[in-house]
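Student: I've got a new structure open and I'd like to work through it with you. Can we take it one question at a time?

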Amino acid sequence: VPFLRILGIETSCDETAAAVVERDAEGHSNVLSDVVLSQLDEHSAYGGVVPEIAARAHVEALAELIEEALKRANVSLDDVDAIAATSGPGLIGGLLVGLMTGKAIARAAGKPLYAINHLEGHALTARLTDGLSFPYLMLLVSGGHTQLILVRGVGQYERWGTTIDDALGEAFDKTAKLLGLPYPGGPAVERMAQAGNPDRFDFPRPLVGEARLDFSFSGLKTAVRQAAQDIAPLSDQDVADICASFQKAVSRTLKDRIGRGLQRFKTEFPATFPATGEKPALVVAGGVAANLELRGTLQALCDKNGFRFVAPPLRLCTDNAVMIAWAGLERMATGAAPDALDVQPRSRW
Ligand code: KG4
Ligand code: ZN
């Protein structure tokens, strides 16, 4: 394994981020810097991410952020082996800013460019933080994505399940908005739920019991709206009860969906792990992974099924550039060719 050091750039949503990550010849990896600028303040007044505001904020912040990442890592561009930039999926304005910047640096400094799929970044993070070996399962639950992915190897991913409507974080955000709670909704709903009665409302658990591994959350949001209308005006206790009941429905849904995913994994890879004595792993990523009740549900499910539950530190679970640098490094280490400088960003990928 050659020594590799990579500069990563992430601009696919509302975080502008740059990072430097390296791996030595023994395979030890090091995060040399990890700079993230959240645009939360600029979007919160609108109750969600505004694409045009996001793109402009990336333009304003990115160059300085990259300099900061290099400075904190105590390296210059001469000392990095490659540039890795997110090229999709995400908001096209932001992707253009990050990828064009990556291309320009690659061209000017004469370094190879790796155009990274944002989801691949999330998928490979657990190998940096926990040294996982392939294959493993990954549940990505953020404001934009809800996916269950089989990670077979670098560049080898199978999507086993996805949402057919809202992402899970989006369902939290919309529920919060309906109840007059602040954006982002996840933390607010979780906080309110602590004082609530989870059994007061029997909210739907979409797709529970179905063999396919997909998710659906828009019906749940509709049920919340209906319940809120039925008992309006809402007292604080009503809001707390709705939040607790909502979270319970989500928790039960995940238990069913992911439980099926673990079973499928066992069926497909019966002999992989006993040989090494290593348990198979379920990795969780995305902002919703911060939710303690959902974490508890997943942990219990893993314990019951003989899986190891891996939740990387939240800073690396949410959007960041370390995961992009790392994915570039993993690709480079497999000997994969870099991308051509005319590579285009892909909003949907
Ligand atoms: O990965 P992330 O930081 O960013 C993007 O999606 O781009 O995820 C943000 C999402 C938001 O929808 C937010 O409401 C949700 O993660 N979230 C949570 C919690 N903290 C953040 N959802 C449930 N419980 C939480 N504690
Ligand atoms: Zn993400």
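Predicted model: local features only at pLDDT ≥ 70, side-chain atom pairs only at ≥ 80, totals over all residues.

Student: What average pLDDT does the chain have?

Tutor: pLDDT is the predictor's confidence in each residue, from 0 to 100. Here 98% of the residues score at least 70. For the complex, the predictor also gives a pTM of 0.94 and an ipTM of 0.98. The chain's average pLDDT is 95.

Student: Back to helix 11, then. How many of its twelve residues are buried?

Tutor: A residue counts as buried if 20 or more other C-beta atoms lie within 10 Å of its own. The residues of helix 11 that pass include V322, W326, L329 and even E330 and R331. The helix is largely enclosed by the rest of the structure, because the number buried is eleven of the twelve.

Student: And how far does helix 11 reach from its first C-alpha to its last?

Tutor: At 1.5 Å a residue, you'd expect 16 Å for this helix of twelve residues. The model comes out close to that, with a reach of 16 Å.

Student: UniProt lists H118, H122 and D319 under "binding site". Why do they gather at one spot?

Tutor: That listing comes from an unreviewed UniProt entry. The three span 202 residues in sequence, so look at the C-alpha atoms instead: they gather at one spot because no two of them are more than 8.8 Å apart.

Student: Is H122 buried or exposed?

Tutor: H122 lies in helix 4, residues 118-130. Leaving out residues up to four places away in sequence, H122 touches L140, A285, G286 and M323. Its count of C-beta neighbours inside 10 Å is 29, so H122 is buried.

Student: Where does D319 lie?

Tutor: D319 has 27 other C-beta atoms within 10 Å, so it is buried too. Its contacts beyond four places in sequence are E10, C13, E15 and A17. As for its place, D319 sits in the loop between helix 10 (314-317) and helix 11 (322-333).

Student: Which strand holds L140?

Tutor: L140 belongs to another "binding site" annotation in an unreviewed UniProt entry, which also covers V141, G143 and N291, among others. L140 is buried, with 24 other C-beta atoms within 10 Å, and among its contacts are H122, A285 and G286. Its place is in strand 6.

Student: V141 is in strand 6 as well. How many other C-beta atoms lie within 10 Å of V141?

Tutor: V141 touches T146, L168, G169, G286, V288 and A289, setting aside residues up to four places away in sequence. V141 is buried, and the count of other C-beta atoms is 29.

Student: Which helix gives the largest share of the shell around ligand 1?

Tutor: Of the 19 residues around ligand 1, G143, G169, G186, G287 and N291 come nearest. Two elements give two or more residues to that shell: helix 5 (168-178) and helix 6 (185-193). The largest share, four residues, comes from helix 6.

Notes: Residues numbered from 1 in each chain as written. Chains lettered and ligands numbered in written order. UniProt positions renumbered as here; feature names shortened; annotations may be inferred. Contact = placed C-beta atoms within 7 Å. Near = placed C-beta within 6 Å. Expected span 1.5 Å × (residues − 1).
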